[in-house]
Amino acid sequence: MSEELPLFPLKTVVFPGGLLPLRIFEQRYMEMAKACLREGSAFGVCLIREGAEVGAPATPHSVGCLARIATWDMPQLGVLHITARGERRFRIVETRNQPDGLVRADVQLLSPDVDSEIPEACAACVRLLERVIEQQPALFQPPHELASSAWVSARLTEVLPLPLEAKQELLELGDARARLERLNAVLGGRAGS
């Protein structure tokens, strides 16, 4: 299944179910956000491979995540605050730059993660995530699916201070158990300490 959508290349990685607060002030993204709100449509979030968030169009990584605006506010003229929610992973087939600098892409929607229960060896990851949820509940929209390898691995990847390239590699994995096991290995048993 393919789709055409605007892209928002960022220095962040978003997973399905994740929340992404954004402060939008560039005209191309203001127009994109207005169209998404008006039409109830999604936009694509991709980690920047080359370039910057502001200015000339950046080159995105080929796998990203659909995002839909959940809440918005304009506390001052010309600055839009939104919170978007990640929906589904996609792979870019082709991109093109509009005259205003907005990147549009034909994307292929990827299958949802192959999910599984939490492996016993990764129980420390769940305990770590429970502590983060207690300390920063606003980062996690209920329901908290602590028995799901997909949910736990995505939320941990979003909050851990991993290099962006490592987060991108984890996003590209379609097997949630493999993602969680990789995170568990990176944490090296420190998750439960």
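**Aromatic pairs**

A search of the whole structure, which is a predicted model, finds three aromatic pairs. Select Phe8 and Phe43 to begin. Their rings form a tilted pair, 6.2 Å centre to centre, with 50° between the planes. Phe8 belongs to strand E1 (residues 2-10) and Phe43 to strand E3 (residues 43-50), so this pair links distant parts of the chain, 35 residues apart. Are these two residues buried or exposed? Both Phe8 and Phe43 are buried.

Next, select Phe140 and Trp151. These form another tilted pair, 6.5 Å centre to centre, with an angle of 55° between the planes. Phe140 sits in the loop between helix H2 (123-135) and helix H3 (149-159), while Trp151 is in helix H3, so the pair ties together parts 11 residues apart in sequence. Phe140 and Trp151 are both buried.

Stay in the loop between H2 and H3, where Pro143 is found. Show the backbone from Pro142 to Pro143. The peptide bond between them is cis, with omega near 5°.

**Salt bridges**

How many salt bridges are there? The count comes to 10. Select Arg104 and Glu4 for one of them: the closest N and O atoms of this salt bridge are 2.7 Å apart. Which parts of the chain does the pair tie together? Arg104 lies in strand E7 and Glu4 in strand E1, so the parts brought together are 100 residues apart in sequence. Arg104 is partly exposed, because its relative accessible area is 21%, and the cut-off for buried is under 20%. Glu4 also counts as partly exposed, at 36% relative accessibility.

Now select Arg28 and Glu26. They form a salt bridge whose closest N and O atoms are 3.1 Å apart. With a relative accessible area of 6%, Arg28 is buried. Glu26, at 18% relative accessibility, counts as buried because the limit is under 20%.

Go on to helix H1 (residues 27-39) and select Glu31 and Lys34. Their side chains meet in a salt bridge, 3.2 Å from N to O. Why are the two separated by about one helical turn? The reason is that Glu31 and Lys34 are three residues apart in helix H1. Glu31 is partly exposed, with a relative accessible area of 37%, and Lys34 is partly exposed as well, at 44% relative accessibility.

To end this part, select Glu4, Arg96, Arg104 and Asp106 together. Salt bridges that share partners join these four into one network.

Select Arg89, which is found in strand E6. Is this residue buried or exposed? Arg89 is buried, with a relative accessible area of 6%. Then show the residues around the side chain. Leaving aside neighbours within four places in sequence, Arg89 is in contact with several residues, among them Pro16, Gly64, Cys65, Leu109, Asp113, Leu171 and Glu172. Ser111 is also in contact with Arg89. A polar atom of the Arg89 side chain lies 3.4 Å from the backbone oxygen of Ser111.

Move to Leu102, in the loop between E6 and strand E7 (103-109). Its relative accessible area is 4%, so Leu102 is buried. Which residues does Leu102 touch, not counting those up to four places away in sequence? They are Pro6, Leu7, Arg28, Tyr29, Met32, Arg96 and Asn97. Leu102 and Pro57 are 45 residues apart in sequence, but 6.8 Å apart in space, C-alpha to C-alpha.

**A patch on the surface**

For the last stop, switch to a surface view and select Leu77. This residue lies in the loop between strand E5 (63-76) and strand E6 (79-97). Is Leu77 buried or exposed? At 81% relative accessibility, Leu77 counts as exposed, because the cut-off is over 50%. Together with Leu77 they make a nonpolar surface patch of about 460 Å².

Notes: Residues numbered from 1 in each chain as written. Predicted model: local features only at pLDDT ≥ 70, side-chain atom pairs only at ≥ 80, totals over all residues. Heavy atoms only, no water. Patch = residues over 30% accessible without salt bridge, like charges linked within 9 Å, V, L, I, M, F, W, Y side chains within 5 Å. Areas by Shrake-Rupley, 256 points an atom, 1.4 Å probe, with all protein chains shown as cover. Helix = DSSP H or I, 4+ residues; strand = E, 2+ residues; numbered from the N terminus. Buried < 20%, exposed > 50% of the residue type's maximum accessible area, 1.4 Å probe, protein only. Contact = heavy atoms within 4.5 Å. Polar contact = N/O pair within 3.5 Å; in protein donor to acceptor, adjacent residues only side chain to side chain. Phe/Tyr/Trp six-rings, centres within 6.5 Å; stacked < 30°, edge-to-face > 60°.
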